[in-house]
Structures are given as C-alpha cells and as structure tokens.
Amino acid sequence: MRLSMKPMQSCTISTTVPTSSKQVTFRCCTITAQPIKRSNTTSFDIKAPNNWERLLDPIHHHDLQNPIPYSPATETTTRPFKLGKRWMEYQGIRNWDGLLDPLDDNLRGEILRYGDFVEAAYKSYDFEPSSPTYATCRFTKSTLLDRSGLPETGYRLTKNLRATSGIQLPRWIDRAPSWMATQSSWIGYVAVCQDKEEISRLGRRDVVIAFRGTATCLEWLENLRATLTHLPTDGSQPGLDGSRPMVESGFLSLYTSGSATSQSLQEMIHEEIKRLLQTYRDEPLSLTITGHSLGAALATLTAYDIKTNFKRAPLVTVISFGGPRVGNRSFRQKLERQGTKVLRIVNSDDLITKVPGFVIDNNEDDDDVSKKRDVQVGSSWPSWIQKRMEDTQLWAYAEVGRELRLSSRDSPYLKSINVATCHELKTYLHLVNGFVSSTCPFRATAQRVLDHNRREKVKI
C-alpha cells in the first residue's frame, strides 16, 4: 500500500485518522530520552526524488532528506539464541502463546531477522524511473544479500520473483512515460539457509520468501481495487457461515497475473517450492514468508496458496509488517484449518493496517488482548448497517492470525508522528526492538535497529 499519493488531489491525512477505538493509559517504567542523532548517509546512492518518485516509493524515498529520528544508530547486540528443539514454538506452532506480551527476547530477534530480509528486498530494487533497469533487481542472486547489507545470514538466494499487474492499459498509455506502464516488476526473492552452523542454531533448514511493498504505478492502482473477490475453487468445504474464501481483488491480480514474457508470481512460487520440497524432503524444513505493506498481503496469499496446493508442505509461517487486510472471514477460517501461522506486526498509528474495507467480526476464540482492544470498525454501528455490509460481502474483511500491536507514540526516539513515518519499515523494526509489554511499552535503552556500518554502506 502507499501513503502520500499526490494524484488523488493531495490525500492529506492528519490527526483525524483514528488510531484505535479506545485510548489506553500505560503505567510503566521510566523512559530516559536519549539525544537524537541524524545520519548523513542514505540507503541508496541515487538522487533525491521528485513528487512522482515519492508517489511510487514513499516508504523509502521520503527519508532521504528527512531521516527517521531514531536514537543513536547502533544495533542492540545479543548473542543469537539457539532455537534447537523449540524452533516450532518460535515459528508459531502454539500461536506464540506466552511470547508476545511481554515480548520474548528470542522471538524479538527472529522478527528482526526476518525484517532484515524484507529490508534487503527494498535495497535491491531499482526505484529510479529514469534508470534503464527500473523495476528490476540491482544485484545478482549471488551478491544480493551481501550488497544489501546482509553478508553473514547463512542463506543463499535460489530464485528471484516478479509480480505482474492484470490491469488492462488504455491505448493512450503509449504516450505516457514508460515507468507509468511498467506491468511486471521484481517483487522479492526466495532464499534457503545453507550454513551448517545456522541450520543447527535454527533447529531446521529454513526457506525464506521475502516481498517488498508497492513500488510501481500499476501496483498502486491494484491496491485501490479493494473489493473482495472469490478465490479459485479448490474443492474445500465452505466456511462455518457457508461463505467461500474471498480476498482483495488487486492483491489476487498481482499474485496470479502473468504476461507473454513473464510467469505469474504464483507460477514462480509453485515451481520453486516444488523443487525445494523435493530437494530437502528428508530433513526438517520450515517455510517463512515475510513482507511489508503490499508485501505483507502477498506473503499471506502465498502461504495460503502453498498450503492449499502442496499437501505435504512443512510448517508455513507468515511474519508481516504493516500489512493491509487481505480476505474475508472464510479466508481466515481456511488459513486456520490449514495450520498456516500468521504473526502480524501492527503499528496502531499506521493507517494502512486499517484498510481496506470494514472488519465486522473478530476471531471470538482469540485470547490476544491487544487484538481485542482494537475494536472492529462495524461493531458499534447500528445492526442494520452491519447487516447491509455483510450482505454485500464485498467489503467485509477479517483480520488473520495473531497480532503484535505496537505504537509510534510509545517511542521516545521518534520526533514526529505522521502517516508516512508510521508506515515505514524502519519504524516497525525500531518499535519491535524497543517494545517490552503492554504495561511497559518501550524500554529506555532501546537503540535503532539498523547498524549503519553494516546496513547503510550499500555497494553499487
């Protein structure tokens, strides 16, 4: 999803945007504010963006001239925890019970680790519209992790992924700048853990699928196709209420559309997962799918698709950052029956996590206090309005999985609260790094997650 979208006649969103249905007062430990230092370096060696480039990439480009005012840029250093036999617990086999509030330090490390893979997807993407390689990956498979600031993960890239928009372009598009008509673009990658020591630490071989957020004009337009549409039938039983799984139209289009020159993202995923399951069939294996914003939505769709089409798929876990809603109540129920585990990292001040559509119901069996606190949009409305929205079925969404709810307002290091910054991936990683519990929302010693010496010096 995108934020500062100028073509919509300056969609200026101010403090009138609801952050939650209920204000919660925290009584917690004393927070000692640290002096704020700004970095003079940037993640990309490209020129500052103009307004159209900000439209296409507000998540990353907006901080080139105004960096996020985090605390001093040093990473909190802790020795990597050996997950061993507990790896399934940290992958959500028990729905992260007892690990979220307070946030378990080992789980924190795993969330940040997967966030790093998403950050690498952003850093590897060519955002420059005037570049001849616009919308492609800037690095080769063998160097991507190293050159995007992750030289020692123990993972190796096995496949690049592309997403294609299914929007039919008008004839006049030929007269528009070429970047406006970019239909297929690099969206992320698949990487497999190959290092023996890291496999031992993790307790299994891990496969990561990482997705970036929206970057092209057509991806942005797909985001606006916010009505629900039916998934292809797979012979499964309908939901408890008799409905069939439905997902956001634009997300499904980006996942399933292909072109004469490019496979669909779904086809690429199927091809690679089939190969990997065959290659590593005799050892413990996990599939971890992670993404930010649009990438979070695609991660959820990918997990659903893998569990639907690969009957012997291992444990599939989604770690999503700042993701929009994806599907209806039947979609959520199908995910749960599949055994797909979803952990949504949500910033209460992030508008994107509150769209599209309306949430009519919550998972009544979910005991996640922070999730129930976020009262559903339609729950306080007159019953006849709720009934009308349920009858249309086109706007009635449901939240999926477990939720780790954070807030930009809890951080003493964020100088300002605005729509763009609240959705920024680096903000999410900062908040995860600092969150303690619902009664002590931010630790006073929290430092900026990203180590500039390792992450900001991207080799071109």
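**Salt bridges, cores and ring pairs in a predicted model**

Trainee: Starting with Lys-159, buried or exposed?
Mentor: Lys-159 counts as buried, at 15% relative accessibility. Keep in mind that this is a predicted model.

Trainee: OK, so which side chain does Lys-159 meet in a salt bridge?
Mentor: Glu-271, with 3.1 Å from N to O. That pair links distant parts of the chain, since Lys-159 sits in strand β1 (residues 155–164) and Glu-271 in helix α9 (residues 265–279), 112 residues apart.

Trainee: And Glu-271, what's its accessibility?
Mentor: Glu-271 has a relative accessible area of 42%, which makes it partly exposed. Lys-159, as I said, counts as buried.

Trainee: While we're on α9, how far does it reach from its first C-alpha to its last?
Mentor: 21 Å for its 15 residues, close to the 21 Å expected at 1.5 Å a residue.

Trainee: Which residues of α9 are buried?
Mentor: Leu-265, Met-268, Ile-269, Glu-272, Ile-273, Leu-276 and Leu-277. Looking down the axis of α9, you'd find the buried residues within an arc of 150 degrees, so they line one face of the helix.

Trainee: What covers the buried residues of α9?
Mentor: The cover includes strands β1, β2 (184–193), β3 (205–211) and β6 (285–292), along with helices α8 (249–256) and α10 (294–309).

Trainee: Back to salt bridges. How many are there in the whole structure?
Mentor: A search turns up 19. One of them pairs Glu-89 with Arg-86, where the closest N and O atoms are 3.1 Å apart.

Trainee: Glu-89, is that buried or exposed?
Mentor: Buried, with a relative accessible area of 18%.

Trainee: What about Glu-336, which residue does it form a salt bridge with?
Mentor: Arg-332, and there the closest N and O atoms are 4.0 Å apart. Both lie in helix α11 (residues 329–338), four residues apart, which is about one turn of the helix.

Trainee: Changing topic: in the largest nonpolar core, which residues touch the most other members?
Mentor: Ile-111, Phe-117, Leu-145, Tyr-155, Tyr-189 and Ile-345, out of 56 residues in that core. Helix α4 (residues 105–124) gives the largest share, nine residues.

Trainee: What does Leu-145 touch, leaving out residues up to four places away in sequence?
Mentor: Phe-117, Ala-120, Leu-150, Pro-151, Thr-153, Tyr-155, Leu-157 and Tyr-189. There's also another core lying apart from the largest one, with 41 residues, including Phe-251, Leu-277, Ala-297 and Val-400.

Trainee: Now the rings. How many aromatic pairs does the structure hold?
Mentor: Seven. One of them is Tyr-114 with Phe-117, a tilted pair at 6.3 Å centre to centre and 35 degrees between the planes.

Trainee: Where do Tyr-114 and Phe-117 sit in the helix?
Mentor: They're three residues apart in helix α4, so about one helical turn separates them. Tyr-114 counts as buried at 1% relative accessibility, and Phe-117 is buried with a relative accessible area of 1%.

Trainee: And the rings of Tyr-304 and Phe-331, how are those set?
Mentor: Their centres are 5.0 Å apart with the planes at 40 degrees, so this pair is tilted. Tyr-304 belongs to helix α10 and Phe-331 to helix α11, so the pair ties together parts 27 residues apart in sequence. Tyr-304 counts as buried at 7% relative accessibility, and Phe-331 is buried at 0%.

Trainee: Which residues form one aromatic cluster?
Mentor: Tyr-114, Phe-117 and Tyr-155.

Trainee: Last one, the overall picture. How many helices and strands in the chain?
Mentor: There are 16 helices and eleven strands. Of the 460 residues in the chain, 59% are buried. And among contacts with a separation of 6 or more, 78% come from residues 24 or more positions apart.

Key:
Residues are numbered from 1 along each chain as its sequence is written. This is a predicted model: local features need pLDDT of at least 70, side-chain atom pairs count only at pLDDT 80 or more; totals for chains, interfaces and linings use all residues. Side-chain values use heavy atoms; hydrogens and water are left out. Buried means under 20% relative accessible area, exposed over 50%, partly exposed in between (1.4 Å probe, protein chains only). Helices (H or I, at least four residues) and strands (E, at least two) are DSSP runs, numbered from the N terminus. A nonpolar core is a set of buried Ala, Val, Leu, Ile, Met, Phe, Trp, Tyr and Cys residues joined through side-chain atoms within 4.5 Å. Contact means heavy atoms within 4.5 Å. The expected span of a helix is 1.5 Å times one less than its number of residues. The arc is that of the directions from the helix axis to the C-beta atoms. Rings of Phe, Tyr and Trp (its six-membered ring) pair if their centres lie within 6.5 Å; planes under 30 degrees apart count as stacked, over 60 as edge-to-face and the rest as tilted.
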